[in-house]
Amino acid sequence: MNIEGKRSGEGFCAHKAILVNALSRALAERVVLMDFTIGRKGFLTYIKSLGGSNVVKVVPSSNGNASGLRVADKRLKVVCGANTSYLDDMAWVGEKTPLTLCDVRVSPSNTVKPNLGALELSEALSRVVPFTAKEDNRPVLQCVLFKVADGKLTMVSADGYRLAMVKLDFDGDEGQVLINRDELRGVISALRRAYRVRVGFEKSGESLDGMSLVLDTELIRYKWRGADGNFPEYEKLIPADFNTFVSFDTNEAIRAVSSLKVLSDSKAYPIDLTIGNGKLTMSSPDDKGMAEIPADTQGEGKIRLDGSYLADALRACGGMVELKLVDSKSPMLFTSPDYELVVMPMFAGESQKPKDEVQTSEPVKVEPETAENTETTEPEAEIETEKANAVAEAEAIANAKAEKPKHKAKRKAKEPVAVA
């Protein structure tokens, strides 16, 4: 953490708001202050509770006997206005506190020359991290690939059924690294509060060919050691020749998906997409429901995919999206500005292949389970909860569209930001 402040002996003085902001955006659970290690969350809560002054002074302190011959009980002294406290080493650190550390560095100023927008990077990460694999037996697919080449920063993720790719204009050195999804989750929220951000690569001292990803903001420096392994050749997995095109509003489509989800008797709910005649038709295979969305279409086609995959794709794309199809059995491609998402469809009809007969030579081309070959083990209460969530999501979209822009902006400014 890079805190703007002044040195005070072995300690420092800093504005309380700056210290609180830095602590809330750090991802580590333990803070190192002048050889003291204390719990970040407990220290943050304590600093927030202090009153009487906008300045916090933190210095090491020792208690000795009257003659000064013995010094013991070294502690961290925190002063804010009329408040004085003494913190022991390992304060607010328990047995279950993760062993992740961050250092506090104090300087008169910290200058970061940005090469990306903080909100732009946060949004880009939120569009690729959800499409990483959750299974521990596929460590490479649990990572996001960061690759810089030809003035572009490309971030790619895949989970075996879907592949997401986002490209941003970038001014920096070329390189690439794999970063685990768990390392990136917290920084997505933290970046929304940053003013400046710079992304780069550094050689890791742990091995000759190791690489680390470094992300500098005005308060925090994040550094992640790259994972070992080779990411799939993702460019070969993105289809290029299409027969059917359709452009439509994702908000309308999400509402349609939510309505079909409520009609489903299980958590797995396949949806058939029919394209043609200036509209996109969504329907459930059992003819329980149907929704039509106005769209710009070119060609005609029909394809089936997992409803949850469709909802994830629509939320990731946002705004207007273009869907491109080859045929009912080939991967489909969702596209929006600087973003592409490949999704593998379900096989429909009586000739549907069992899961073990599906071609799996390429990582993304793995057949999702269909309603017919998936055993439903969800309890009825959980299914009802899923339906209620779908209704709430549809209502939220409808309410958001009805609100005036200025009201929406005002509410957004008041939303608290959760930091992992």
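The model is predicted: local features need pLDDT of at least 70, side-chain atom pairs count only at pLDDT 80 or more, and totals for chains, interfaces and linings use all residues. Residues are numbered from 1 along each chain as its sequence is written, and side-chain values use heavy atoms, with hydrogens and water left out.

I start at the N terminus. Helices (H or I, at least four residues) and strands (E, at least two) are DSSP runs, numbered from that end. Two strands pair if DSSP finds at least two bridges between them. Strand S1, residues 2–8, runs antiparallel to strand S2, residues 11–15, and four bridges join them. Here Arg-7 stands opposite Phe-12 in S2. S1 and S2 form a hairpin with two residues between them, and Gly-9 in the turn has a positive phi of about 65 degrees. S1 also runs parallel to strand S9, residues 105–107, through three bridges. In that pairing Ile-3 stands opposite Val-106.

Next, the helices. The axes of H1 (residues 16–25) and H2 (residues 40–49) come within 10 Å and cross at roughly 155 degrees. That makes H1 roughly antiparallel to H2, a label for angles over 145 degrees. Axes are lines fitted to C-alpha atoms, for helices over the stretch in contact, and angles run from 0 to 180 degrees between N-to-C directions. Contact means heavy atoms within 4.5 Å. H1 contributes Lys-16, Leu-19, Val-20, Leu-23 and Ser-24, and H2 contributes Arg-40, Phe-43, Leu-44, Ile-47 and Lys-48.

Now the sheet. Strands S14, S15 and S16 form an open antiparallel sheet, in that order. S14 (197–203) and S16 (221–225) are the edge strands, each pairing on one side only. Neighbouring strands are turned by 20 degrees against each other on average, direction ignored. Seven bridges pair S14 with S15, residues 211–217, and Phe-201 stands opposite Leu-213 in S15. Helix H4, residues 181–191, packs on this sheet, touching S14, S15 and S16, and its direction makes about 160 degrees with that of S16.

Last, Asp-296, in strand S21 (residues 296–298). Is Asp-296 buried or exposed? At 58% relative accessibility, Asp-296 counts as exposed; the cut-offs are under 20% relative accessible area for buried, over 50% for exposed and partly exposed in between, with a 1.4 Å probe and protein chains only. Leaving out residues up to four places away in sequence, Asp-296 touches Phe-245, Val-246 and Ser-247. Asp-296 and Phe-248 are 48 residues apart in sequence and 6.7 Å apart in space, C-alpha to C-alpha.

Technical notes
Parallel < 35°, antiparallel > 145°, perpendicular 65-115°, else oblique.
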